[in-house]
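Hello,

Here is the structure I promised to pass on to you. Have a look at it first, and then read my notes below.

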Amino acid sequence: MKRAITITVNGQEHEEMVENRLLLVDFLRDVINLTGTHVGCSFEGVCGACTVHLDGVPVKSCLMLAVQADGRSITTVEGLAKNGVLSILQQSFTEHHALQCGYCTSGILMNATEFLQSNPSPSEDEIRASLIGNICRCTGYVHIVAAIKTAAQRLAATRLEVAK
Amino acid sequence: MNAHIRNEGDWVGASVNRKEDRRLTTGQGQYFADKKIPGTLHLVFVRSQQAHARIVSINTDAARALKGVVAVVTGADIRTQIKGLPQPVVVPSFAANYPDFWPLAVDKVKFHGEPVAAVIARDRYVAEDAAALVEIVYDPLPVVTDMEAALAEGAPIVHDGWASNEMFAMNYTGGGTPESEAAHARKVDEALAAAAVVIRRRFRVHRCGVTPLEPRGAMATWDDDGLTAWITTQRPHIDRLALSDVLEIPSDKVRVIAPRDQGGAFGVKAPFYREPILVCHMARVLGRPVRWLETREEHLMSVSQERDQIHNIEIGADASGRIVALRDNAIADNGDGCEGVYWGFVMPFFGAAVLTNAYDIPLCDIRIRVACTNKAVLSPARSFGAFAARFALDRAIDLLARELKIDPADVRRRNLIAELPYTTATGVHHDSGDYAKVFDHLTTLVDLKGFRAEQARSRAEGRHIGIGFSVGAELSGVSSAVLVSMENQPGFGAATVRVDPRGKVQVFEGDAPQGQGHETSMAQVVAQEFGIHPADVSLTTGDTGTTPFGSGTIGARGGSYTVSAVANACRALKSKMATVLLHDLKVEGVPSDVSFRDGRVFLTADPTQGKNFAALAERIVMAPLGLPAGMQAGLDQTEFFEADVPMLTFGAHAAIVEVDPETGIFKILRYVASDDFGTVINPIVVAGQVHGGVVQGLSNTMFEEFVYDENGQQLTATLENYKIANAADMINIESHHEAGSACPHTPLGSRGLGEGIPGPVPAALTNAVCDALAPFGIEVNRLPLRPNTIWRLLQDKAASKG
Amino acid sequence: MFPAPILEYFRPASVGEATRLLSGGAGENAHIIAGGQSLMQAIKSRLISPDALIDLQDIKALRSIHFDKNGLVIGAMTSYADIASDKRIPAAFAALCDAAGHVGDRQVRNRGTIGGSLCWNYIAACLPPTCLGLSATLELQNAAGRRRMVEARAFLKGPLETDRSSDELLIAIHLGPAAARTGSAYRKWGLVTDALPVVNICVSLEVGADHICREARVALGARSEGPTRVEAAELALRGVRKGDVRAIDAALDAAAEAADYQSDLWADAPYKKVLLRKIGREAVTVAFARASGEVGK
């Protein structure tokens, strides 16, 4: 029933013996103590608070077993800031008051980080559609949408800088 | 932006980035589930699959035999070990039938989801395996799930020994004797009979709530110091007293800690619930840390259900639209009514008490009956009890206006309380502000005249757009005058402010915020008062071991009561610091001659004479020599703030929609709120409260509904079935507070806000839909407001005309 | 809520290895896990408690979108996200992109697979009626290496039932060949945006140069009897000219009659017919437009 797995999380390799049935989100939270990834559903996987990147792609870590991530690479919200510097999106969230209780925020940041890579200049409708897998109970989404919009503009400006 | 900014560069009134956000955007928040104590056991509840049944037997042998299981307990085990509820500390000062209950069902179950047994095991996975092995044999009883049926003769009785299911009843306006009530009712009858127009309707608001994204949880340890409990709660100090009484542990041996970061609450985490009692008890019994982390299913089955009221309204007006009399026979469905502090009925009680909202209604006859049924108890949800009442009255006013062929906005404006202060027929005190000004600002923001012209053009083109209005005079904190009777608790705001010798300021607050941004708002106020930077201010909340007694983060108390206690504590300390400065400078003067600015304390008349804030603090705390005669050392100050009158916050909402009459599908085009928030401490935080409150209201109105079938089975215990608005369902909510005015009853002029914001939403939206469909003449008097409902009403109307 | 104990977890690297596990190697109570977006719900809620899971993620051959001489071939393990974003998928099969692009949410679309959806055949699913409406053919393989082609119509039975036998693996979904000037579209309605469908429809039209429909296929899902083709509606659409709203509505009325909807938490049965007409009109209009190459996907 147990199995040795190796998962790279935020660039660091973790070798652990886990039960086959252990959910990936519980592996992150309880085995390697990265508690920034949150749980808001029982089994339905609707709220999105547990969103992490699996090989760069946002997925719900409550709808996956840890053994399924064996040999693969995970990024969690703890992996977004580099050397203590917030990412452009994280910074934009703090400036736009895009969070209140913060419980959904980790999942939204993970989803939106990759969304802005795949769609660098989204319309407001596209931003709203991109957030369907993340429920926020506090903000009414207004400031979240604004924060993502601003982050898109800043990322575009950064890319322009780099191109120059 | 904010009209109340006093000086350039002031912290109060500035959209300061929140201090909380760095940790919350980097995954460093410390929520309940993030706190871990080695060796913790995990408790899982076994909940009833039946809505109403005798418990014949519970076989726990297989569960106990499972490896890793430490204990399995049932109601029969614990009823002799701990006191049941009610206990006086969590009972309101109202006459009502209070059901007896224990954390686990005793003898019978009364709703689908009631805890029947609990398994404690070394990990949650094993505890769940064992829970599935607990065998319960039930003898089903007749089920009652409808509030009117529950109050009818011969209904199945939810609580053994009760003569009926009526838990609470009240006549708010009749005077207290059967004779006076009858006489008053006649008076209202006469006024209605004489009115130019009378509307009589039944308004039904469904069961829904504001379930936060973080579920509940409790963890307890037991050692020589007694009980330490971490609970997701809005009111740790009340929980501490209640746990002390129920578990018979001296209160000095009970410490309750609400985690610094809580994933939303909106009222749901305010009651004293049964689950934490059992967790604490089992920690004591087992002598080991015990933790329960609620699942979403448990949450949706047992808490976060509110609203669920019927209002039978009669309202009369003269030909100009002035309301002359109002009658409401309200009914609420309270489920099993088992819940400390609120007992479910306090919400509908309060909703009916504030029924008249911001309207000047001279004559009222208002009564309520609250029924127990085989459902989960009502638990508080933002727009506490008032959501349904707001809907009923603001819909009725729209119907009055239609009958009189006057624009509903005009009828509303005509009936708003014109002169403040004002006390309603039910005794609600309206303290200050200018309601008409705030409302007029709204009609300007939506360009009502221009909209009506556009509406006429659109109709000619076959498009159906409409506008709907509503208002809300909502709690700005809850005064002791209200809270002592309603919840048996004080209403004062409490805070300790400590200036340390390095000039850093620590603030201690006994409340337990859940996302409102207290760390930032309180720091802004402290920084403003002391002339320092918010970064030099820290806030500790929610720990009964370190914070002054407070009734909790409820009823928009943060921006009204708690922040006022913080401001007053700062001012007391400033007075002391100024006195010492004058003394040390050997200058004759009074504290108000001294300014605090840019990290310095100095004579206003001669800014060169002064000291750094930190240096002055160090001098007072660390070198308390030669202080002015009679002055105590130290710079700690605790203040308890009680406003001289109960306070409210006024807001007006408008929704603009477009409806497709073929399908009933509608689109919200604009949603605008104009509010009076008094002196605004942080405008972007305030806007966030409005956005979130409105979207909760919209989501409640359009999507969310707790559904029980006729057997009392709850069908909506997942987020797949309990539908919550997502970003693509919503639009940008527009929030304005320019028409507000400083509150004269608080030191900063601030008003509390947030709690009541969903209240006006269902009426604004429904009025807009009905306005859009005015040519068809349909009335929506029942929520949820869904395309299916609208389509059905249109069909029925067409059929009746046909 | 957590899964019951799972005794074995297998991650085969090839179809052969997977089918051997299915035919006994993984024990009696083994279950395939593809993207797991439905299966994990069922496992966590203990609706099912498999003793063994066979995870297909390492079988690269099952994850592809390519064309063969007959048309389009989609590997069973291809994610919704990959289908929705594939610009090569022609108008004839564009309904597939409509459906895959609105299943659940971004996170679900990144994990969930077309094969998983078809084999689970949940009542409120987007892909089963879509594949039905596109007359997909499903390719299955067993441990003996026997390959079998099954029409979607025969494969998809009542909810949670399919024609797959327990030792078979779904390999690929074949679409085509499609006649020239064929267009398709999928639409759904749920209470909140992109929710599980309360009503859904897939329409595929072959249209002449005269903008008259030659051949039509209409499939509905979200029915308690499972997804179904609606021949009455297909017949009614034949001969209909693009933009003939009355004729299109008549066809959709026929579809609504045949749907035999039940009331549920989200809509009553009569209202579902109204919804079907609304989304059906949209689907037919888009399918006509796509058939004549007017809109891209």
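Before the domains, one term: domain bounds here come from an automatic or database domain assignment. For chain A that assignment gives domain 1 (2-79) and domain 2 (88-163). This is a predicted model, in which local features need pLDDT of at least 70 and side-chain atom pairs count only at pLDDT 80 or more, while totals for chains, interfaces and linings use all residues. Residues are numbered from 1 along each chain as its sequence is written, and chains are lettered from A and ligands numbered from 1 in the order in which they are written.

The C-alpha centres of the two domains of chain A lie 22 Å apart. Their contact takes 16 residues from domain 1 of chain A and eleven residues from domain 2 of chain A; two residues are in contact if their C-beta atoms, placed from the backbone, lie within 7 Å. On the side of domain 1 of chain A that touches domain 2 of chain A, the largest share, three residues, comes from β3(A). Helices (H or I, at least four residues) and strands (E, at least two) are DSSP runs, numbered from the N terminus. By class, that side of domain 1 of chain A has eight nonpolar, eight polar and no charged residues. Here Ala, Val, Leu, Ile, Met, Phe, Trp, Tyr, Cys and Pro count as nonpolar, Asp, Glu, Lys and Arg as charged, and the others, Gly among them, as polar.

Next, the sheet. Five strands of chain A form an open sheet in the order β2-β1-β5-β3-β4, with mixed pairing; two strands pair if DSSP finds at least two bridges between them. At the edges are β2 (12-19) and β4 (57-60) of chain A, each pairing on one side only. Strand β1 (residues 2-9) of chain A pairs with β2(A) in the antiparallel sense over eight bridges, and A:I7 stands opposite A:H14 in β2(A).

Helix α3 (residues 105-118) of chain A packs on this sheet, touching β3 (51-54) and β4 of chain A. Eleven of the 14 residues of α3(A) are buried, so the helix is largely enclosed by the rest of the structure. A residue is buried if 20 or more other C-beta atoms lie within 10 Å of its own, exposed if 12 or fewer, and partly exposed in between, with C-beta atoms placed from the backbone. Among the buried ones are A:I108, A:L109 and A:F115.

Finally, 14 residues of chain C are in contact with 18 residues of chain B. The chain C side divides into eleven nonpolar, one polar and two charged residues.

Best wishes

Terms used: Axes are lines fitted to C-alpha atoms, for helices over the stretch in contact, and angles run from 0 to 180 degrees between N-to-C directions.
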